[in-house]
Amino acid sequence: MGRTLQNTMINLGLQNACDEAVYQLGLDMEELEEIEEDAGLGNGGLGRLAACFLDSMATLGLAAYGYGIRYEYGIFNQKIRDGWQVEEADDWLRHGNPWEKARPEYMLPVHFYGRVEHSAAGAKWIDTQVVLALPYDTPVPGYMNNTVNTMRLWSARAPNDFNLRDFNVGDYIQAVLDRNLAENISRVLYPNDNFFEGKELRLKQEYFVVAATLQDIIRRFKASKFGSTDSVRTVFDSFPDQVAIQLNDTHPAMAIPELMRIFVDIEKLPWDKAWDITKRTFAYTNHTVLPEALERWPVDLVEKLLPRHLQIIYEINQRHLDHIASLFPNDVDRLRRMSLIEEGNTKRINMAHLCIVGSHAVNGVAKIHSEIVKTQVFEDFAALEPEKFQNKTNGITPRRWLLLCNPGLAELIAEKIGEDYVRDLSQLTKLHEFVDDDLFIREVAKVKQENKVKFALYLEKEYKVKINPSSMFDVHVKRIHEYKRQLMNCLHIITMYNRIRRDPSKLFVPRTVIIGGKAAPGYHMAKMIIKLINAVAQVVNNDPMVGSKLKVIFLENYRVSLAEKVIPATDLSEQISTAGTEASGTGNMKFMLNGALTIGTMDGANVEMAEEAGEENLFIFGMRVEDVTELDKKGYNAQLYYDRLPELKQAVDQIKSGFFSPKDPNLFNDVVNMLFHHDRFKVFADYEAYVKCQEKVSELYLNSKAWTKMVIRNIAAAGKFSSDRTIKEYARDIWHVQPSDLKIPPPNEPRDAGQDKTPNGTAA
């Protein structure tokens, strides 16, 4: 979620009033804002997307809740020591959190372990261990519409009789100390992005958030006029018309068997009825196609932790496979491919398959990704129910990612087209009229230059490096991962360095290359990539032959609040994943909206950005998905590129020989060995096209006016990438609710009961 103060002031229309009041107290608002800790309760794009969605849902007047875990420790703070990433605990609650309100009156029990007893009355899950879920509510204000939604985060608490209820004559002190075991569930965020780690504590976290949330939803449903009761029992027929639950990847997939357990075991609904309601309630968003990221929980672990849920999953699978066998008799391989259970050394549950079978809608997050989901990853399922599969291209909130982080540009746009674009970003197309307006061109360039000067001062303060603010700010910020190919950027830096040294008098367009992002603590290769970038920076930044022509900076501890600083100052946005690997990306959209040009592959939302702005207004290079597929069929041979391209050979040889690590010449052997022998993401195959494309970037940067005109065309085409548009599509196609752009009267105005403007509809 990042910081909350400035976002709240903007959405409430109070920023100027607060700035002025604080100024009169002899304080500086910006200094105050810097004191707030980021809420870093997610890993990367997936968590930030949820945050943007909450802002848009409130702004569109949807009755929506965001549910998650109130981690005591969020994503680690990254320190760079001697070029290496070092992790520190993110103790973000150290000074308290003024935005949250604990709601002990809504505390709920969550059960683990135990066993299942079957009888004529049905299944009973007994002898369980209980953990209490304590909700903390954070307000989510809509933009200037007097609407405030809720983000409810659960914290784990041990019950007061924990470890004392069992004839525990034993150690009272130890029993109280053991309360920590239960409360560890919400202690810390697992720091993996696009990688599955099948740990018991992680599965506990996933079930914890799901079980608490579903009880909360059902309590609210029963209390509403829709949860009508026949004598004693609630009638759940209208449940899917009142409740829509969106699964953000497979991490909350246990919600499907959990809702079935509630309906069948507790509410005593017949299976078929319960299954129909469950399917109509859930929808699933897929966020990645990387096989190592797909959740596949060992059956043994689920059996130990959630024995009843395993039985329910088996029953879901049996009925699912019976259905497929009836459509495709004797096709055993299809049954194997489509089963929720994977046989092998350890039997596993494929959570994506569970989500697809248990949902009425499945979507990818960009056109190209949704196609890959349909035709490759889940092709058997799409063949069965093609109407279930949709696309919902991601978006970003223009409140945080333009108004808040780039007030200069936001104001400049408002002067030209009015202020309404903030709630309807498609209005940015009106900027096309000004693409040849010399004054506007100069003003856009001036705002960018001011942002660069400000960020350069920040860098000089934090990193003690002198930055040339007229150099091109070439920025690559995102989680460090092989598929995102920070290594390819690194090879380009080395190539530029070698060109400067080869011919120091030749014209060179000065660059400040900024790379930032966190590596998962257990991801060895990602950590080596960080070390390599810092080793290259050490050499480049201290070579007198290079001077101010080329500077390399690794941005420490990249996070939302730092993104808000670097993105408005960026000239060139690096979006260079291997085609077919980045589901969407959202950083790409933030840069586009803030007046950077994009160098990128035809991957994720880059494809649609090029479609909106015209491919000639992005720097598109490299293999397309078809080329990658073709190369896989042929077999990728890295050596071929190394032998054919002298500049690539020189750069790789320098890494290999210890030119960048003279004290330990073999330091980067693992990296070089990977690039030659098991590079799944084919860095060498795109190197030549990337370097050539970068030459075109430098050429255009020399012509400031032509560059800025291209920037304006990009901003004018960025309207599609508002999360408001994304949420309207979810609301229309999946949740079946009506967004309302009506402004609720403020609380100080009497409300006319006859003109109640709160629309009745599904709560998402």
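## A salt-bridge network

R103, E105, D137, R152, D216, R219 and R220 are joined to one another in a network of salt bridges. The model is a predicted one. Across the whole structure, the salt bridges number 66 by the rule applied here. Side chains of opposite charge can pair when their charged atoms come close.

## Domains

The protein is split into four parts by the assignment: domain 1 covers 1-36, domain 2 covers 43-190, domain 3 covers 222-392, and domain 4 is made of 407-624 + 687-718.

## Where domain 2 meets domain 4

The C-alpha centres of domain 2 and domain 4 are 37 Å apart. To their contact, domain 2 contributes 17 residues and domain 4 contributes 20 residues. About 1,700 Å² is buried between domain 2 and domain 4, and 54% of this area is on carbon and sulfur atoms.

Between domain 2 and domain 4 there are 10 residue pairs in polar contact, counting pairs with both residues at pLDDT 80 or more. On the side of domain 2 that touches domain 4, at least two residues each come from α4 (45-59), β2 (77-81) and β3 (84-88). The largest contribution to this side is that of β2, with four residues. By type, the residues on this side of domain 2 are six nonpolar, seven polar and four charged.

## The salt bridge across the interface

How many salt bridges does the rule find across the interface of domain 2 and domain 4? The rule finds one. K527 and E87 form a salt bridge in which the closest N and O atoms are 2.7 Å apart.

K527 has a relative accessibility of 16% and so counts as buried, the limit being under 20%. E87, at a relative accessible area of 29%, is partly exposed.

## Salt bridges elsewhere

R3 and D38 form a salt bridge, with 3.7 Å between the closest N and O atoms. R3 is in the segment before α1 (5-12), while D38 is in the loop between α3 (29-33) and α4, so this pair ties together parts 35 residues apart in sequence. Both R3 and D38 are buried.

Helix α12 (residues 307-327) holds R308 and helix α9 (residues 255-266) holds D265, so the pair ties together parts 43 residues apart in sequence. R308 is buried, with a relative accessible area of 9%, and D265 counts as buried at 9% relative accessibility.

T285 is located in strand β13 (residues 282-285). Is T285 buried or exposed? T285 has a relative accessible area of 3%, so T285 is buried.

The side chains of T285 and Y730 are joined by a polar contact of 3.5 Å. With neighbours within four places in sequence left aside, the residues in contact with T285 are Q246, L247, N248, D249, N363, V365 and Y730.

Definitions and conventions: Residues numbered from 1 in each chain as written. Predicted model: local features only at pLDDT ≥ 70, side-chain atom pairs only at ≥ 80, totals over all residues. Heavy atoms only, no water. Domains from an automatic or database assignment. Contact = heavy atoms within 4.5 Å. Buried area = accessible area lost by both parts, 1.4 Å probe. Salt bridge = Lys/Arg side-chain N within 4 Å of Asp/Glu carboxyl O. Polar contact = N/O pair within 3.5 Å; in protein donor to acceptor, adjacent residues only side chain to side chain. Nonpolar A, V, L, I, M, F, W, Y, C, P; charged D, E, K, R; others polar. Buried < 20%, exposed > 50% of the residue type's maximum accessible area, 1.4 Å probe, protein only.
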